[in-house]
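Please look over the sequence and the structure shown here before reading the report. The text then takes up a few parts in turn.

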Amino acid sequence: MDGTQDHVSCEDFPTCGVAQFQNKQHCKNVKQQDSYFVVEDLCGSFGARCVHQVGLYGVADGHGEFGEVAASFIRRNLPPQFAQSPHFPPGRLGHALLESFIRTDALQREANLPLWASGACVSAVAVSPTHIVVSNCGDCRCVLAEEGGTSRDLSSDHNVESASPQEIQRVVSKGGTLTPDKRVTLPGAPGRLATTRALGDYWAKPPGPPEGHVVSGLPEIRAVARHPGQKYLILASDGVFGFMSSQDVVTLCISASMLQRHTDRPPLSRVAHTVLGTAVSARRSDDNCTCLVIDLMRVPTLVAAAAAPSIRPDVECREGMQVPIVASPLSPVDRGAPGFPHSTPHVSPSASAWPPSSPFAQSGREVREPLDEELLWCPWCWKTNADGDAENITVGSFEEWRGHMHHDHSEKLGGQIYGTTEVVPCFWCCRPCATKDGQRKAGNRLPLNVSHERVCHDNPSRQQQADHGGTSSYGCSSPENYSLEGNGQWFNGEGVRMNEHSPLLKQRGGHMEGRPRAL
């Protein structure tokens with residue numbers, strides 16, 4: 001979208017950064033109904049007592065005519081309700097989060113706010129030195145970026161389209177009806193709702209315990225033990241996660257952070273801003289967007305063996321039922337492994353940038369080893385050197401190059417997010433090329449790297465190859481995307497030469513005119 005940066009509000013905190021965007025180009029977003037809250041030290045902010053310092057972060061996404069009222073009320077009231085819970089001082093964070101959601105929903109109702117047919121979805125996470133405890137009610141989402149850049153969902157989306165069969169059964173068993181357009185309603189209801197859980201929306205909450213409500217205000221609570229491999233926690237509204245996968249967001253966050261790796265404690269709002277820009281501009285999000293990125297390396301950790309008493313999550317609420325929580329079975333805490341260091345060590349992001357399965361490692365020719373110190377350049381960005389000549393700008397390591405491509409040349413990637421095993425720079429010209437994994441990516445527009453490198457304009461042996469079989473341009477990107485160049489030979493995305501008698505070429509009407517389109 002044009003002018004996105006002019007409307008993105010950014011805010012930075014010591015441990016996190018937030019970016020927020022009101023998508024005014026869509027008439028439904030006449031108001032900004034998203035909100036967020038950051039309380040990095042609940043004890044210091046509210047005078048609460050706890051065995052260890054605990055921070056609370058959250059995103060609220062309002063809906064309905066007065067959704068912004070609900071989101072604003074939640075922002076102001078949920079953190080103090082959490083800190084003032086009798087379960088907070090002894091470190092029973094699961095119970096404290098559950099109680100804070102119930103109390104906040106009740107306070108909204110008691111305040112006679114106009115939330116009969118309006119409400120808000122909320123995702124909140126409490127981070128202690130030993131655990132991450134996530135509470136989610138609705139279709140906001142919390143994602144953990146783990147070691148190696150893999151994503152891990154710490155919440156489930158509570159909407160008809162994505163909800164689990166158990167969640168759908170809960171809605172139906174409480175008297176709810178599902179409409180053909182994937183909404184929840186009731187006989188005599190003022191409308192229908194896409195989400196199955198939310199605070200507010202009192203038309204779906206008849207008198208009685210909250211476990212009996214059709215649209216439940218009870219959060220689903222999950223917890224994992226903290227360990228050094230965890231990088232980011234990402235909280236975002238469905239304006240982001242409704243248009244981007246969790247893995248795409250994590251990959252983009254890590255790529256964007258690599259662009260600031262040489263800056264001391266860079267602002268995390270820039271990372272969140274990159275996510276929003278991609279969601280709106282490349283993925284065509286039609287909703288308001290909020291993204292909150294927490295750098296877990298900036299949040300103090302504690303040697304697990306020294307935690308006395310340890311802050312343990314204690315309850316999980318699923319389908320309206322409270323059950324004991326069990327921390328991640330893979331965590332060193334639960335395996336009885338030695339305690340963690342006080343500070344999380346920094347792992348070089350480029351250490352795994354070139355896995356053994358990289359096509360560069362598998363190619364039969366001798367190539368430069370893609371070492372950490374090798375510098376890559378951008379084929380589309382130029383500068384004037386000391387001699388007054390134009391030259392390409394050097395962007396740095398592989399991860400910095402990949403981050404630069406996503407951040408500055410998203411259109412060259414077709415709006416796609418490519419992971420470390422899905423994209424590589426051309427050995428000769430540094431343009432992005434897809435690996436075999438990248439070729440299988442839906443919507444891929446990049447050429448297969450081994451095909452492009454063989455016919456790259458900067459390949460010194462290209463002319464010799466052309467004399468024996470023609471050339472292909474950078475425009476070939478898939479087995480059904482053909483391109484024409486020079487001597488009139490056709491190549492598909494796998495580097496297989498085709499002629500005018502090829503069946504697939506005949507289906508496309510024979511010869512294509514003109515030069516191939518650029519990426």
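Predicted model: local features only at pLDDT ≥ 70, side-chain atom pairs only at ≥ 80, totals over all residues.

Which residues is Leu154 in contact with, leaving aside its neighbours within four places in sequence?

In it, Leu154 is in contact with Ile132, Val134, Cys142, Leu144, Arg222, Val224 and Leu233, leaving aside neighbours within four places in sequence.

Leu154 also belongs to the largest nonpolar core, which has 34 residues. Tyr57, Val125, Ile132, Leu154, Leu233, Leu292 and Ile294 are the members that touch the most other members. Strand S5, residues 119-127, gives the most to this core, with 3 residues. A second, separate core has 33 residues, among them Cys43, Leu78, Phe101 and Ala223.

## Thr290

Thr290 is found in strand S14, which covers residues 289-295. Is Thr290 buried or exposed? Its relative accessibility is 0%, so Thr290 counts as buried, the cut-off for buried being under 20%.

Not counting residues up to four places away in sequence, Thr290 touches residues including Val18, Tyr36, Val59, Leu235, Ser237 and Leu276.

Strand S17 runs over residues 376-384 and strand S18 over residues 390-396. The two pair in the antiparallel sense, over 5 bridges. Lys383 stands opposite Glu391 in S18.

Between the strands of this hairpin there are 5 residues. In the hairpin, Gly388 takes a positive phi near 85 degrees.

How values were computed. Residues numbered from 1 in each chain as written. Heavy atoms only, no water. Pairing = 2+ DSSP bridges. Helix = DSSP H or I, 4+ residues; strand = E, 2+ residues; numbered from the N terminus. Core = buried A, V, L, I, M, F, W, Y, C linked by side-chain atoms within 4.5 Å. Buried < 20%, exposed > 50% of the residue type's maximum accessible area, 1.4 Å probe, protein only. Contact = heavy atoms within 4.5 Å.
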